[in-house]
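My notes follow in the order in which I checked things.

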Amino acid sequence: MKKLIFVLAYTVAALAIFSWSASAKNDRLTLLLNGQYTNKLTEATEQMNELEQEVRKVLLYEDHTSAAEPLDNIWRLSSEIRNNLSSLPLDREFSSEWMNYLTRLGDYADLAKTGAIPQDKWEKALGNAAANLDEFSDEWSSVTQGMFAGGTGPDTWFAQLESEKPDKRWADLGQAVKTYSESDFPLTASEHDEEKKKELKILEDEPISRDAALSRFKEIFPDYDGATVHVSQSEPDAPYPFYHIRFQDGARIGYADFTERGGHLLSLLVERPVGEDTLPEADIRKRAEEFLQHAGYTDLVYEESRENSHFWHLSFVRVDPDTGGKVFADGVQVKLAKDDGEVLGVNAMEYIQEEKLEAQPINPFDPEEFFTDGTEVQSEELGYTANRELVQRLCHLLVVTKKTGGRTDTYRLMVDTETGEVLKSEILN
């Protein structure tokens, strides 16, 4: 009996220690995520303030050359804000509207810089944007104040995201941003077609069930087979129907979104503590390519990568089977942990949208006749980019160097294979 009492007491003590250890681990994870999210939110807020300043600054200049720098900064900041916000557990409807607004603002600035939009037109649009950004900043501060304060954690954030009664403050903010988009950057007929594609109204696949979406998730991510999983559906007024799968597996928490039509993976985001070990870049790239093959993305090629202290972000683009041209608008981005190469993020929205490409002649192209003396072609391949009418055009994709005034500059150009028009030009160094 004494032995039995001892065994029972030992078991209770062991379970208590285990429970305390698991609770402490979850508390550490919550604190870590709170810190990460707070930092990203703070950085995004600072960037929004800087974005408003750059929009106001560009309105000072009549001279196109003087306006070039703030227009560049508007494009850069809108992209950086989108990257920061994409990893935060924010209201999905608001995020969709705000991402759309930032994309349109950045694209507008880029087109204004190249002269594709008349100055009087972009001055009016950016004047409206300046006023709207000022109004937005006040509402943003009110809604996000104390969002990741102590006492809240992943369960609280995800519960808020999936509540049948979404926070009215976020709903109102999302509606305000939608109004900004419609007033600041009204859509042309071509852009209306583009918007339909962005909303995935082009998908013609058969709808799949909730269980089929969960099976698809476990097929692509077998490591989460034992995770605690919750599946929900998008709201009836969402731009397109999708399944939202959130999961927790030990120290890992995250979500994955799949389209209802066809069960296509839209996105993945996983948060977990990251170690200090660092795998070679070649190993990271290999693991990303193996994941994409396993997930069924068999027509992608590696394009570029960037890194920060803990993660690698790799970009892949689709290759058109008929021309061999890279379709940059049909891309997949993958985020991997530096310590072990685990896939922690996927963005496949652009790939699923899939551009419709029209047949196009490839006329003879002679670089020696096209460029001035002293210009050296470093690489040449085919790729697609959009013209001013947002039509995808097949181009000669060239990287060239030119020595001027003792300095060698590197340029990346995209020249229409039919018309010879330069559709994109940028300096790489």
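I first settled the terms: two strands pair if DSSP finds at least two bridges between them, and helices (H or I, at least four residues) and strands (E, at least two) are DSSP runs, numbered from the N terminus. The model is predicted, so I kept in mind that local features need pLDDT of at least 70, that side-chain atom pairs count only at pLDDT 80 or more, and that totals for chains, interfaces and linings use all residues. Residues are numbered from 1 along each chain as its sequence is written, and side-chain values use heavy atoms, with hydrogens and water left out.

I then looked up strand β6 (residues 311-319), which is joined by 7 bridges to the antiparallel strand β5 (residues 300-307). The two form a hairpin with 3 residues between them; I found E307 partnered with W312 and L300 with R318.

On β6 I also found 9 bridges to the antiparallel strand β7 (residues 326-337), where K335 stands opposite H313. β6 and β7 form a hairpin with 6 residues between them, and G324 in that turn has a positive phi of about 80°. I noted that 7 of the 9 residues of β6 are buried, meaning under 20% relative accessible area, with exposed being over 50% and partly exposed in between (1.4 Å probe, protein chains only).

Lastly I checked D134, which is found in helix α4 (residues 119-144) and counts as partly exposed because its relative accessibility is 36%.
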